[in-house]
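Please open the structure in a viewer and keep the selection panel at hand.

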Amino acid sequence: MGMEERKRLSIQNIIGRVTHGLVGMDIFLNERRGNDYLKDFLTLKEDEIKATFLSSSSKKRLIPSDEAKLTDEENAFIVCIVKTRELIARIDRIESTKEIEDCINELGSKMDIIYAAIPER
Amino acid sequence: MSFDVVLNALGSVENHIKGVLLDVPYDVKRESLERAKELFLKWLDVYKTYTNGYRQELLARTQRHTIRMLSSFANDLDNQVRDVFEARIASEAYLLVNNLFKSFSRVSRPSFVLAEDREFKQTSIATLLNDKLKNLTVPRPVIGSANVDVTIRDVQNKDIIVICYDQGQFDNVFSWPLLLHEAFHYLYANERLDRLAKDCPKVSWLEEALIDMYIINYFGPAYALSLATYLQRFPHEKTISHPSFTSRIFIALQYLKKTQEAKKLPLPVSNHIADVFDYLKRIWDQHKEADPLEVQEQVAKIYDSAEKDVKEIISEKAQPFAEFLSQNEKKRQEVFQKGGFEYIENQVLSVSDVADYFRAGIPTAADPRIVFNSFISRQSQEMINDPKAHIFVKESLKKWHLKNAWVEAKGQAHRST
């Protein structure tokens with residue numbers, strides 16, 4: 001499997017788990033209980049996401065020594081995921097539903113931008 | 001917004017799969033595509049089950065994200081289907097790969113399809129499905145999970161090989177020997193050929209190196225030429241699983257050098273081998289600095305350790321190229337002495353015959369190994385961009401296939417009388 005295809009699958013995998021995080025929070029708001037979707041989201045680790053976004057193929061770089069960097073959108077997405085992890089960790093103790101709803105909206109809009117980062121086939 | 005949009009998209013994919021017309025000329029291609037069709041429909045069933053599962057969840061705020069995720073999977077599947085059913089490579093490539101499987105498979109010939117991609121690689125439909133499901137596996141929607149397991153098992157049981165080619169090479173018949181390398185990955189795994197690795201240095205790219213050795217010893221210098229021509233465009237790419245470009249060229253050079261030294265090949269191939277050697281050596285000289293000396297030593301050791309066994313294993317099923325060519329020449333002389341050359345089943349063609357036929361513009365029913373190795377001389381290397389050469393190879397494979405079908409049918413008729 002080529003680098004681009006591997007990267008594509010890895011990003012899809014991250015998006016899949018973020019989607020589960022969103023679904024999990026939605027279900028939590030309806031049913032007021034933890035669920036497997038939230039557990040799936042919590043398997044996401046900051047380092048893993050960074051490594052995935054940084055793994056762009058070297059062949060696309062004109063200067064091989066050019067150090068790969070995260071885009072502003074990717075950085076914002078990672079920060080948002082970390083923030084969501086903290087929220088989910090204390091979700092049972094949150095009294096205001098607004099905090100969760102805001103988190104859903106923010107993470108959802110960040111993910112919309114990230115969809116554009118999936119390499120084309 | 002509802003999940004109906006996803007189900008509609010999946011319905012369109014289903015129509016694309018079901019609407020594929022399989023009026024293709026060769027049984028091997030038609031049968032494989034029929035199986036692929038069946039497996040893609042099962043893959044689609046998995047996505048439908050997931051969609052229906054998510055539909056059962058009460059999603060007030062996040063339905064659109066789930067719909068988007070599932071829609072992107074539907075799109076990917078549609079592309080995957082097109083890669084296989086709309087692959088632009090000529091159908092005769094199926095004949096070449098099928099011949100390899102027929103020659104080397106111990107039990108039954110595996111099914112395979114050729115698919116358009118960005119690179120040459122080998123995979124299978126079950127593997128592609130599993131790679132996609134990694135994104136959906138945990139947690140599954142509760143509804144229909146059991147059905148998903150049954151369908152996945154079914155796909156695994158009826159799995160077929162997918163041999164991908166670089167889309168830019170779809171009309172280049174002289175890159176087809178690279179398909180044999182990819183096909184050989186299946187044989188390497190299923191025929192337990194990894195036993196050859198026992199005395200070799202334990203490097204992560206050993207399988208690739210051994211497969212290059214197999215194919216070059218089986219298919220001859222035409223493979224070396226294809227490999228070098230293709231790889232020199234991106235010489236410094238390497239991965240953990242593949243030896244570097246220069247190492248692969250070095251393996252081919254080992255073969256060409258030893259074959260020249262053995263002086264077993266009939267003319268004009270023995271002279272042409274020198275042409276191929278020069279071509280590869282020029283490329284290798286330009287890039288050899290990229291590999292540390294240690295890697296070259298490892299490659300040389302792998303070649304020396306495995307060469308005898310590689311030839312023996314090829315001999316169990318077919319003949320290594322050098323022996324095949326000598327045998328072919330001997331048979332050709334016998335036919336000339338005994339007569340009967342006018343009967344197609346008796347015709348044995350040499351590399352020189354094929355070159356003569358090419359000049360006359362007449363495709364020949366020669367063995368693929370003879371056909372491809374008729375284009376390795378320095379003079380022929382300059383012609384490989386000539387569309388006439390590509391048409392000649394394709395039509396020759398077609399004619400060779402028809403000859404075999406005729407010989408088989410005649411044999412059957414003879415046996416039944």
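The model is predicted.

**Stop 1: the loop at Pro268(B)**

With that numbering in hand, select Pro268(B), which is found in the loop between α10 (245-262) and α11 (269-287) of chain B. Display the backbone here: Leu267(B) and Pro268(B) are joined by a cis peptide bond, with omega about 0°. Most peptide bonds are trans.

**Stop 2: α9(B) against α10(B)**

Next, select helix α9 (residues 221-231) of chain B together with α10(B); their axes come within 10 Å and cross at roughly 160°. Angles over 145 degrees count as roughly antiparallel, and α9(B) and α10(B) are therefore roughly antiparallel to each other. The crossing in which α9(B) passes α10(B) is left-handed. To see the contact, show Pro221(B), Ala224(B), Leu227(B), Ala228(B) and Leu231(B) on α9(B). Their counterparts on α10(B) are Phe245(B), Arg248(B), Ile249(B), Ala252(B), Tyr255(B) and Leu256(B).

**Stop 3: α2(B) against α6(B)**

Which residues form the contact between α2(B) and α6(B)? Begin with the geometry: select helix α2 (residues 27-56) and helix α6 (residues 145-157) of chain B, whose axes come within 10 Å and cross at roughly 160°. That angle makes α2(B) roughly antiparallel to α6(B). The two helices cross in a left-handed sense. From α2(B), the contact is made by Leu39(B), Lys42(B), Trp43(B), Asp45(B), Val46(B) and Thr49(B). From α6(B), Asn147(B), Val148(B), Thr151(B), Ile152(B), Asp154(B) and Val155(B) take part.

**Stop 4: Leu114(B) in a strand**

Move to strand β1 (residues 112-117) of chain B and select Leu114(B) within it. Is Leu114(B) buried or exposed? Leu114(B) is buried, because 28 other C-beta atoms lie within 10 Å, and a count of 20 or more is what qualifies a residue as buried. Leaving aside residues up to four places away in sequence, Leu114(B) touches Ala87(B), Ile89(B), Ala93(B), Tyr94(B), Ile163(B) and Tyr165(B). For a distance across the chain, pick Lys330(B) as well: Leu114(B) and Lys330(B) are 216 residues apart in sequence and 35 Å apart in space, C-alpha to C-alpha.

**Stop 5: Ser350(B) in a loop**

Now select Ser350(B), in the loop between α13 (321-338) and α14 (351-360) of chain B. Ser350(B) is buried, with 21 other C-beta atoms within 10 Å. Setting aside residues up to four places away in sequence, Ser350(B) touches Asn328(B), Glu329(B), Arg332(B) and Ile370(B). For Ser350(B) and Glu329(B), the separation is 21 residues in sequence and 6.5 Å in space, C-alpha to C-alpha.

**Stop 6: chain A as a whole**

Turn to chain A, which has 5 helices and 0 strands. Of its 121 residues, 29% are buried. Among the contacts in chain A with a separation of 6 or more, 67% are between residues 24 or more positions apart.

**Stop 7: Arg32(A)**

Select Arg32(A), in the loop between α1 (3-31) and α2 (36-42) of chain A. Arg32(A) is not a glycine, although its phi is positive, at about 55°. Most residues other than glycine have a negative phi. Arg32(A) is exposed, with 10 other C-beta atoms within 10 Å.

**Stop 8**

Select helix α4 (residues 72-89) of chain A: its 18 residues should span 26 Å at 1.5 Å a residue, and its end C-alpha atoms are 26 Å apart, which agrees. Colour the buried residues Phe77(A), Ile78(A), Ile81(A), Thr84(A) and Ile88(A). Seen down the axis of α4(A), these buried residues fall within an arc of 120°, so they line one face of the helix. The face turned away from the buried side carries the exposed residues Asp72(A), Val79(A) and Glu86(A).

**Stop 9**

Finally, select helix α5 (residues 97-115) of chain A, which has 19 residues and reaches 27 Å from its first C-alpha to its last, close to the 27 Å expected at 1.5 Å a residue. Here Cys103(A), Ile104(A), Leu107(A), Gly108(A), Met111(A) and Ile114(A) are buried. Viewed down the axis of α5(A), its buried residues lie within an arc of 130°, so they line one face of the helix. On the other side of α5(A), Lys98(A), Asp102(A), Ser109(A) and Asp112(A) are exposed.

Definitions and conventions:
Residues numbered from 1 in each chain as written. Chains lettered and ligands numbered in written order. Predicted model: local features only at pLDDT ≥ 70, side-chain atom pairs only at ≥ 80, totals over all residues. Helix = DSSP H or I, 4+ residues; strand = E, 2+ residues; numbered from the N terminus. Expected span 1.5 Å × (residues − 1). Buried ≥ 20, exposed ≤ 12 C-beta atoms within 10 Å, placed from the backbone. Arc of directions from axis to C-beta. Axes fitted to C-alpha atoms, helices over the stretch in contact; angles between N-to-C directions. Parallel < 35°, antiparallel > 145°, perpendicular 65-115°, else oblique. Left-handed = near helix turned anticlockwise from the far one by under 90°. Contact = placed C-beta atoms within 7 Å.
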